[in-house]
Amino acid sequence: MSSHFFPRDQYFMRLALREAVRALEHDDVPVGAVVVKAGEVIGAGHNERELRSDPTAHAELIALREAAHSLGSWRVLDAVMYVTLEPCAMCAGAIVLARLPRIVLGAFDPKAGAAGSVLNVLCDPRLNHSPQVESGLLEKECAELLRSFFGGRRG
């Protein structure tokens, strides 16, 4: 895991943050993701677990499905995923299976993260693909959105 960001990375992470805010419209955990290829968003999503009553309706999976549909292939090659929260094991597995070459993460998830916090699915050398993982982009903004969401529930 490293943290080498390119000039456009911040722009695309802000789009992922915008997606995360959309999850609040249906009282879902504010996580957003976008998949970008050749400077163009080919997939976007935000958590819709509550909206769909679906435990698999995570931002990353929704964005991956859109990207795959856009490309006409389950392999999402030469693309980058920007996601506001470190993926869980399910999403990390899907990222590996889709062969995404690069993932840019916002906040870490010390309870369920699978990119180094709890598990390290994205960088496991035993798997057939390991994307480059860049972490901590707009981390404070991403974490604050989540803190605010959960803080309102505990108060």
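Because the model is predicted, local features are reported only at pLDDT of at least 70 and side-chain atom pairs only at pLDDT 80 or more, whereas totals for chains, interfaces and linings use all residues. Residues are numbered from 1 along each chain as its sequence is written, and side-chain values use heavy atoms, with hydrogens and water left out.

Helices (H or I, at least four residues) and strands (E, at least two) are DSSP runs, numbered from the N terminus. Strands of a sheet pair through backbone hydrogen bonds, in either a parallel or an antiparallel manner. Here, two strands are taken to pair if DSSP finds at least two bridges between them. On this basis, 5 strands form an open sheet in the order E2-E1-E3-E4-E5, and the pairing is mixed. Strand E2 (40–46) and strand E5 (132–134) are the edge strands, each pairing on one side only. On average, neighbouring strands of the sheet are turned by 15 degrees against each other, direction ignored. For such angles, axes are lines fitted to C-alpha atoms, for helices over the stretch in contact, and values run from 0 to 180 degrees between N-to-C directions.

Helix H3 (residues 59–71) packs on this sheet, where it touches strand E1 (32–37), E2 and E3; contact means heavy atoms within 4.5 Å. The direction of H3 makes about 145 degrees with that of E2.

Strand E4 may be considered next. Strand E3 (residues 80–85) and strand E4 (residues 102–107) run parallel and are joined by 5 bridges; within this pairing, Val 83 has Leu 105 of E4 as its bridge partner. E4 also runs parallel to E5, with 3 bridges between them, and Ile 103 has Val 133 of E5 as its bridge partner. Of the 6 residues of E4, 6 are buried, so this strand is largely enclosed by the rest of the structure. Buried denotes under 20% relative accessible area, exposed over 50%, and partly exposed the range in between (1.4 Å probe, protein chains only).

The cysteines remain to be described. With a disulfide defined as a pair of cysteine sulfur atoms within 2.5 Å, the count is 0 disulfides. Cys 88 is in no disulfide, the nearest cysteine sulfur being that of Cys 91, 3.8 Å away. Cys 88 counts as buried because its relative accessibility is 19%. Cys 91 is likewise buried, with a relative accessible area of 0%.
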